[in-house]
Amino acid sequence: MPCERKPMRYDHSEGHTEVCFDDSGKFIVTCGNDGDVRIWESLDDDDPKFITVGEKAYSLALKKGKLVTASSNNTVQIHTFPDGDPDGILTRFTTHATHVAFNSSGSRVAAGSSDFMVKVVEVSDSSQQKTLRGHEAPVLSVTFDPKDDFLASASCDGSVVVWNIEEQTQVISWPLLQKTNDFSNAKSLCRLAWQPGTAKFLAVPVETKVHLYERGSWDHVSTLSDDLLTQPINVVAWSPCGKFLAAGSVGGSLNVWDVNSKLCVERQKHEKGFTVCSLAWHPSGSQIAYTDTEGCLGLLDGLSTSTSTTNTTKAPEKKPAEDYDALFDDDDDDRLMDEGLSDTNSPVKKPVAGDDDDDDDFLMPATGRVRNRGAILDDENSLDTGSLRLGQDKFGDDDDDTGSAVMPAAAPLVPLRPVYEGPLPSAPQKAFQPGSTPAHLTHRFMMWNSVGIVRGYNDEQDNAIDVEFHDTAVHHAMHLTNSLGHTMADLSQEAVLLACPSTDELASKLQCLHFSSWDTNKEWMVDLPKGEDARALCLGQGWVAVATSTLTLRLFSIGGLQREIFSLPGPVVCMVGHGEQLLIIYHRATGFDGEQALGVQLLQFGRRKRQLINGEPFPLSLKSYLSWLGFTAEGTPCYVDSEGVVRMLNRSLGNTWTPVCNTRETCKSKSDHYWVVGVHENPQQLRCIPCKGSRYPPTLPRPAVAILPFKLPLCQTTTEKGQMEEQLWRSVLFHNHYSFLSSSGYEIDEEGQSRSQKEQQELLMKMFALSCKLEREFRCVELAELMTQNVVTLAIRYASRSRRMALAQRLSEIALEKANQVQEEEPEEPEEEPEYSRRTSGYGQSEVTGGRCSNRRYQEEEEEQVEELGEEDDGQEMDTEEAAETRKRVNPFAKEAGSPVKPSLTPIGRVGRANPFKMLGAGKPSASSGQPRVTNILDNMTSSKKSAPLRSAGKPNKDPVLKPLAPRTKTKTQSTLLQMTGTKASSKKTQANAEPAAEQQKQPDVPPPASPADNTENKRPKTGFQLWLEENRKTIIADHPDLEETDVIKEAMGRFRTLSAEDRLSWTERAKGQTGDAADLKKRKRAEGEEGGGGRDVENENGRAEADENSAKKKKSLDPTSKLSAFAFNKS
């Protein structure tokens, strides 16, 4: 009888533990020292349902949907199974009961107690009790005679007694055991067992042997022994067929005897040698579950007993006959599968049991009992298809009671259903709330996230919800009565959201406690339509989403206003919100072989709603399911699967998912897990709760949060090279959020961003040095491609000092390329403004609303004029500009609440259609106070602007006002420059303040190096119009002294347009001659201007003035060598 011993798993806390199977064999049920009864679907079930029955549970018995337990509160209780609802107390003792057992029909329960008594109670009416008195010490075990006439019991007084139940008298007593004073001190538990079916023998474990006593004569007819047994036998159990007897001993030995031949057919040893204190056979006879005194559960699998062969036919017989859909429903399908295996009273089993063994073998598949889908998968090739067909015919039509029907029926029905032997569908994962523990628990976490904790209590006394905030400044803790039976919750800085399923009378409800509301009505509730149940819900910033059973997603505002509604492509698994983002995971198809086929949608609501990820397949580890989903604190989607792998969205690589951590690597034992509650990218932290022997934590005591580090699973991370590569790409991945946040209009920590870029460049330099040492020059060049200009220069120095001249030469080519790239890119960038308006940082949040409508009006007028001018002017850059457009919309300087915006100035900021450096008339404030407004507007550009690129498309290069207003991306080069030029900026500020008047004079003259928002502007060649305007501005102002700045520009446009084509061309040529002059200076100026804070505003005026002087001095065009020298100069 070859069998496989499965690895033990943690089950209960240390101490006496018991186990049994339910009637169908679908569940393993255990109880232990922690007072819980756990219901396992299999040995690998990481999320067993549990029922708390007391402080300690000493024994359990299960029959026909009734679960009886003996607990430390001196009672024998009854619960329904598998729901676990309390069903009353059967009986009480003066101390705790030690053992309980059902009779074969499930109508009576016997219980033995430490107060020396044995009671027999009717399950249907617990008032009908019989008490058996006569033992002189605590009772160790009780067992019913299958025919229900007798009951046997063993006691610490050393006796084993057989009682007549009706007469309540002792039939016989054998003094077989060692005497002890208490159940806990007994050498052996002496768990007796009566042979099922025939009831011929009573098995009594005595020392290292098992005595068999014959029913009726009560003679000791035989002894089962094994020479290898050295320790006392603790428990014995008969196989369902009654032909085999299993025994578990104090030393951890497990033996199975064939009773007829008295041979030991199976020997196994507990993996750690702990005492086996309970045994149970699977109803099919193919498995034995056992538990030890340390609270662990084990399984012997693949026992092929001859009567288990009768049973094995049932699984394959039943399954193909089922409707295809039934495969998906765990509950139904396994029950159907095992109906025929319940017990000897099953109608299915009777005819077969009566048959000969030969007939049984005829129906038996080669593999033995098929326990579950997994087994079918493993052994699909060895299944005997003939037996499947025969079996299906036999049981396909309502379980015929006659065995004779098998053969004749087989022939006509075979062709109707071909046998399928391919991979089987996996049960789809049920919908869940990330950060919650299972709904069947009486005390559970309904939500644990970065805002707080929502706990649900549902016991006899109370059905309530407690909300606690990590930061009590957000809100004080709340206690809510849960009269509606809410099962789902979410929590944000603004509200608590709850939902309950529908009942026969009531619809499914969504309830929101909007505690951050400024009015007095802080709560709203909505009923979902009839037949629609909430399956998942989440909160975002100002919105609520709920996914329902009808594959619908409903959006509400945080105040309860119904918003968009759309259909989901499949049943939702879970969803989470963060700010303006909504992430939805759903079943896109049926998975096979234990896989889940999930899809993902990522939506962004803002002024411009869009879908970032549209139903792409969602990657999980092999044969795993989703266990947590969320956003990092910085707003990057990430998730954890049941294998413990944490993955994060890599936006810079086309929205792919990168594994960033494996929590299993830090678990000590196979059954330990980490329950994730939050992820942070800066600092890099995975916040989770370690759970010993479970997938989720208990609510009490309050679990402690641990912090795990991230680590990308790159190759060879033990080597120095591997470590640096891992650090570099982790740094790149974890700092992607800066560009996303700034493009979505959020403020970002620019210091943090520049720090991260500096860290990446340092790592590249270290890797470069390492590659040099290893003489990998090609690799050095690859690394240099990733560096910024400045770091390439350092690399050149390092290479020349290392006497690697060929490498230095190649690096200098790269340096030159990078310098050219910067110069080529920058002229293109200014035309990108059109789109930044809709992507940049908070228009609504930091701009004075009054300016908005006028913004639009002025802007439209300006555009029309610029458009006309653009059509007449020449220009060549439109193509490149549009390509660059997507790259450049980001505003790294997020919101800044400067002085109020004047409508007259707004158009400049909005689209860059006017000169932002206007001369302010006598009545206006001085330049130093006027200038910040302009930058402010630049920084707050928002509303949607699409017309501009099209309109200026004609000839943007000559567009006079476009030039100064570049969009505001920060390339890496610029931010490194930024660090290096920081010191100069402070000295510039003082000059700028000292000479406001001088600045005013010079402002109009030099638009190009303009404002700090013009990061990318520096190398911008002046257009002919700008040059013309510089020289003719004074004339215009003299003619019209009272004109506003925008009007001066309009007037200038008009005049420039009246020039002949040749004149305009000559101005353009002159402008081109100047391109190279101020390049270096502008680059410096820009870096200084960008440095942030209020100083920006003053510095940029200063920058303009100086750039002006320099541009006058230099008139050379920029040839390659001067470009390289310019870049070397910048670096310093």
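Student: What do the side chains of Asp 46 and Arg 695 meet in?
Tutor: They meet in a salt bridge, with 2.8 Å from N to O. Bear in mind that this is a predicted model.

Student: Where in the fold do the two partners sit?
Tutor: Asp 46 is in the loop between strand S4 (36-40) and strand S5 (49-52), while Arg 695 is in the loop between strand S50 (685-691) and strand S51 (706-708). The pair therefore ties together parts that are 649 residues apart in sequence.

Student: And are Asp 46 and Arg 695 buried or exposed?
Tutor: Both Asp 46 and Arg 695 are buried.

Student: Ok, how many salt bridges does the structure hold?
Tutor: There are 29 salt bridges in the structure.

Student: Which residue does Lys 6 form a salt bridge with?
Tutor: Its partner is Glu 4, and the closest N and O atoms are 3.9 Å apart. Glu 4 and Lys 6 are also linked with Asp 301 in a network of salt bridges.

Student: Let's switch to the surface. Which residues form a negative patch?
Tutor: The negative surface patch is made by Glu 782, Glu 785, Glu 813 and Glu 817. Helix H12 (777-786) and helix H14 (805-828) are the elements that give two or more residues to this patch.

Student: Which helix is Glu 817 in?
Tutor: Glu 817 is in helix H14. With 45% relative accessibility, Glu 817 counts as partly exposed.

Student: Which residues form a nonpolar patch on the surface?
Tutor: Leu 714, Trp 729 and Leu 786 do, and together they have about 260 Å² of accessible area. Trp 729 belongs to helix H9, which spans residues 720-734. Trp 729 has a relative accessible area of 40%, so it is partly exposed.

Student: Now another Trp. Where is Trp 194?
Tutor: Trp 194 is in strand S18, residues 193-194. At 6% relative accessibility, Trp 194 counts as buried.

Student: What lies 3.4 Å from a polar atom of the Trp 194 side chain?
Tutor: That's the backbone oxygen of Ala 199. As for Tyr 213, Trp 194 is 19 residues away from it in sequence and 9.6 Å away in space, C-alpha to C-alpha.

Student: Last one: which loop holds Asn 482?
Tutor: Asn 482 is in the loop between strand S32 (478-481) and strand S33 (488-491). A polar atom of the Asn 482 side chain lies 3.1 Å from the backbone nitrogen of Gly 485.

Student: Why does Asn 482 count as buried?
Tutor: Because its relative accessibility is 5%, and buried means under 20%.

Conventions:
Residues are numbered from 1 along each chain as its sequence is written. This is a predicted model: local features need pLDDT of at least 70, side-chain atom pairs count only at pLDDT 80 or more; totals for chains, interfaces and linings use all residues. Side-chain values use heavy atoms; hydrogens and water are left out. Patches are made of residues with over 30% relative accessible area and no salt bridge: like charges are joined within 9 Å, nonpolar side chains (Val, Leu, Ile, Met, Phe, Trp, Tyr) within 5 Å. Accessible areas come from the Shrake-Rupley method with a 1.4 Å probe; for residues, only the protein chains shown count as cover. A salt bridge is a side-chain nitrogen of Lys or Arg within 4 Å of a carboxyl oxygen of Asp or Glu. Lys and Arg count as positive and Asp and Glu as negative; His and the chain ends are not counted. The place of a charge is taken as NZ of Lys, CZ of Arg, CG of Asp or CD of Glu. Helices (H or I, at least four residues) and strands (E, at least two) are DSSP runs, numbered from the N terminus. Buried means under 20% relative accessible area, exposed over 50%, partly exposed in between (1.4 Å probe, protein chains only). A polar contact is a pair of N or O atoms within 3.5 Å; within protein, one must be able to donate a hydrogen and the other to accept it, and residues adjacent in sequence count only if both atoms are side-chain atoms.
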